[in-house]
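Let us read a protein model piece by piece. Please keep the sequence and the structure in view.

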Amino acid sequence: MRVLGIDPGSRITGYGIIEKIGNRFTHVDNGAIFTDSHDEFALRLRKIYRGLTAVMEEYRPDAMAVEQVFLARNAQSALKLGQARGAAIVAGVNAGLPVAEYTAMQVKQAVVGYGHAGKEQVQQMVKALLGLPEIAQTDASDALAVAICHANSALLRSVAGTLLQTSVRKRR
C-alpha cells in the first residue's frame, strides 16, 4: 500500500509518501509546497492543488490521508487553513483516491504510542520507522507521520474486519 500523507497549511503544505509492505514501512518521498504570502489567496490555493496533483501523478499513491487541524490562532487563520485542507482533499478526490482524515492526537498515538507526544518525539519516531538519515523538514515530517498513521489504521481496519467476519460466521 502506498500512502500520501498531507500536513495542510496555507503557507506551507507538507507531503510525505510511504509504502507499507507487510509490517515494514519504506520512505518514498517527502517535501513541501510553499506559497507566497504576497499572492492572492485563491492563487495560493491553486498552487497547493496543482502541486499535490503533480505529486499524485508522479507517485501514484493508493490512498491519501490528511491531518485534521482544528487549532488556529484566530478565526481568519482557521478559515485559511480549512481552505488549504479543502484544496488538498479536492486534489485527492479528483485523482480518484480514498481520502482519510486524522486528528493530531490520532497521528501521535499511531506513530509514538502516546496521543500527547511532543513534535520532537513524533519526528524522531518517523525518522526511526522510515530509516531516514535525518529528520525531514517539519511539515514533511508531519505529513509522513499522517501517512504512517493511515497505513497502521488500514491494517487495524483490515484485521478488525476479518475478526468481525469470522465472528459472524461462527454465530451462524
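Helices (H or I, at least four residues) and strands (E, at least two) are DSSP runs, numbered from the N terminus. This is a predicted model: local features need pLDDT of at least 70, side-chain atom pairs count only at pLDDT 80 or more, and totals for chains, interfaces and linings use all residues. Residues are numbered from 1 along each chain as its sequence is written, and side-chain values use heavy atoms, with hydrogens and water left out.

Q: What pattern does the protein chain follow, read along the sequence?
A: Start with the parts. The protein chain has five helices and five strands. Read in sequence order, the pattern is β-β-β-α-β-α-β-α-α-α.

Q: What percentage of the residues in the protein chain is buried?
A: Buried means under 20% relative accessible area, exposed over 50%, and partly exposed in between (1.4 Å probe, protein chains only). The protein chain has 172 residues, and the buried share of them is 41%.

Q: What percentage of the accessible surface belongs to carbon and sulfur atoms?
A: Accessible areas come from the Shrake-Rupley method with a 1.4 Å probe; for residues, only the protein chains shown count as cover. For the protein chain the total is about 9,600 Å², and the carbon and sulfur part is 52%.

Q: Among contacts between residues at least 6 apart in sequence, what percentage joins residues at least 24 apart?
A: Contact means heavy atoms within 4.5 Å. Take the contacts in the protein chain between residues at least 6 apart; the share joining residues at least 24 apart is 59%.

Q: Is the crossing of helix 1 and helix 2 left-handed or right-handed?
A: Axes are lines fitted to C-alpha atoms, for helices over the stretch in contact, and angles run from 0 to 180 degrees between N-to-C directions. The axes of helix 1 and helix 2 (residues 75-94) come within 9 Å and cross at roughly 35°. A crossing is left-handed if the near helix is turned anticlockwise from the far one by less than a right angle, and right-handed if clockwise. For helix 1 and helix 2 the crossing is right-handed.

Q: How many nonpolar residues are in the contact of helix 1 with helix 2?
A: Helix 1 contributes residues including Phe41, Leu45 and Ile48, and helix 2 contributes residues including Ala84, Ala87 and Lys80. Ala, Val, Leu, Ile, Met, Phe, Trp, Tyr, Cys and Pro count as nonpolar, Asp, Glu, Lys and Arg as charged, and the others, Gly among them, as polar. The contact has four polar residues, one charged residue and a nonpolar group of eleven.

Q: Which term describes how helix 3 lies relative to helix 4?
A: Helix 3 (residues 104-112) and helix 4 (residues 119-130) pack at about 45°, with their axes 9 Å apart. Angles under 35 degrees count as roughly parallel, over 145 as roughly antiparallel, 65 to 115 as roughly perpendicular and the rest as oblique. So helix 3 is, relative to helix 4, oblique.

Q: Is Arg60 buried or exposed?
A: Arg60 sits in the loop between helix 1 (41-59) and strand 4 (63-68). Arg60 is not a glycine, yet its phi is positive, about 45°. Its relative accessible area is 58%, so Arg60 is exposed.
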